[in-house]
Amino acid sequence: MNEQERIRECFCAFIEGSLVSHDNNNVLKLFADDVMGIGMGAQGVVRCKEDLRPILLNTRNGVDNSKTEIQYSNMQIRYYGDDYASICATVTILTKIKDEQFKSHIGQCASMRRIEGTWKMIMVQATPLSINIQDIEAYPLSFAEDEIETYRMHEQFSNIMRRNIIATYKIDFELGEFEDYAPTEKYSTPVTRGDRYETVIFALANEKLDGKMRLKFIETFSIDHLSKCYHNGITDLSLDFEILHPDGKKLWQRNSLHLFTDIKGHLKGYLYLFDIDREKRQELKLIGQAELDLATDVYNKGTVRQKVELALSLYGKSETCAFFMIDLDYFKHINDTYGHAIGDYVIRKTADGLKKIFREEDIIGRFGGDEFCVFYTGKNSDEILSQKAQQICEVVRSIRFGNDGEEGCSVSIGIARRTEADDFESICHKADVALYLSKNQKNRDDFTIYREN
């Protein structure tokens, strides 16, 4: 038997096992374990073998006293490398119930993969039974080709994620309880059949998740929210979160939930728990690197703009927030006289000093060259802003270089309080105006708080 005959044999066994013999167990064996998708006309699309079983059972309706014959036409087979293929055909179904004969047509398409020498289906799709025969003959084989490519990407992702799986849970949301639990050697939250679903996940969130993530976790995975998602056509949900383990270590995990209904119409789901700590930390590191000025590890100009714009919309308390524009005095002279290595040293020490003066919630950035900025989120009285400015001046004056550290530098500062009308451009402009006054009217090494004329 050649490969085309083996592909045809698998395809026909699926059709005839589903519609003639109703041999559901053997039909299920025709599918790969990591089946990509199964579209059964009006039955909808399912994504795992468990979902296929009730659909196959439904094909029994009204055919107990029938005799069915299958005819094939327009069959086409295409290969994609050695291990992937697709097959399409017009399937004519002749059914005799008592003395009455019925005839219907399906445009059937399947994508297949050869696994250890045996062809398995990874995707099947049928056109509606009511479609005209002339339309079936034009059924697009390209659909199967697209699914093959999608499957290949899905397969690569699945292989990676299977290595990092912590546990699998099956839940009956109609009854609100766990049906099954399959842990790996990694740490997971153990459950037994019949445990109350929301009791377990709410306790997990309260014990091991922080603040906003706790609320988001509960909102995402509550039964009420999942029911609404399913009824709105959303069958897959995912959430990344950092969890505190018993040994005190925080690790990033992912909950990935697939929703479906069983033959009784119960809303159920498979919940997969993945260890994504390594990948997530690398992702966050790359994001951080993209946001930072690499020479100083404070935010770059583009990130400052984004974060200040967000902060201006979030900090609504009166008499809070101010923008500091900070410029090193005579920095070009330092570079020209002592070299760029000393100039870079002064820049780094200035950034380090700003980090010590301001809090984590304040936004510290470098606009480029010798120009820094800070969006300060605390009280903006003259006394507090003056105190912060004086601390900046003292930190910069303490930076020493040259022979025996006899040389130093200074800084000029412009400060603008936040007003309700401010956006990033306006508050930045006002701080820049104040900085100009410090440099040109106060002869540098000083600060100015912007005043409206």
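Which residue does the side chain of D362 meet in a salt bridge? The partner is R359, at 3.3 Å from N to O. A salt bridge here is a side-chain nitrogen of Lys or Arg within 4 Å of a carboxyl oxygen of Asp or Glu. This is a predicted model, in which local features need pLDDT of at least 70, side-chain atom pairs count only at pLDDT 80 or more, and totals for chains, interfaces and linings use all residues. Residues are numbered from 1 along each chain as its sequence is written, and side-chain values use heavy atoms, with hydrogens and water left out.

**Salt bridges in the whole structure**
- Side chains of opposite charge can pair when their charged atoms come close.
- One network of salt bridges links E3, R6, D83 and R114.

**The pair D362 and R359**
- D362 is buried (under 20% relative accessible area; exposed is over 50%, partly exposed in between, with a 1.4 Å probe and protein chains only), at 5%.
- R359 is partly exposed, at 35%.

**The pair D329 and R444**
- The side chains of D329 and R444 form a salt bridge at 4.0 Å, N to O.
- D329 lies in the loop between β14 (320–328) and α11 (331–338) and R444 in the loop between α14 (424–440) and β18 (447–449), so this pair ties together parts 115 residues apart in sequence.
- Helices (H or I, at least four residues) and strands (E, at least two) are DSSP runs, numbered from the N terminus.
- D329 is buried at 2% relative accessibility, whereas R444 is partly exposed at 25%.
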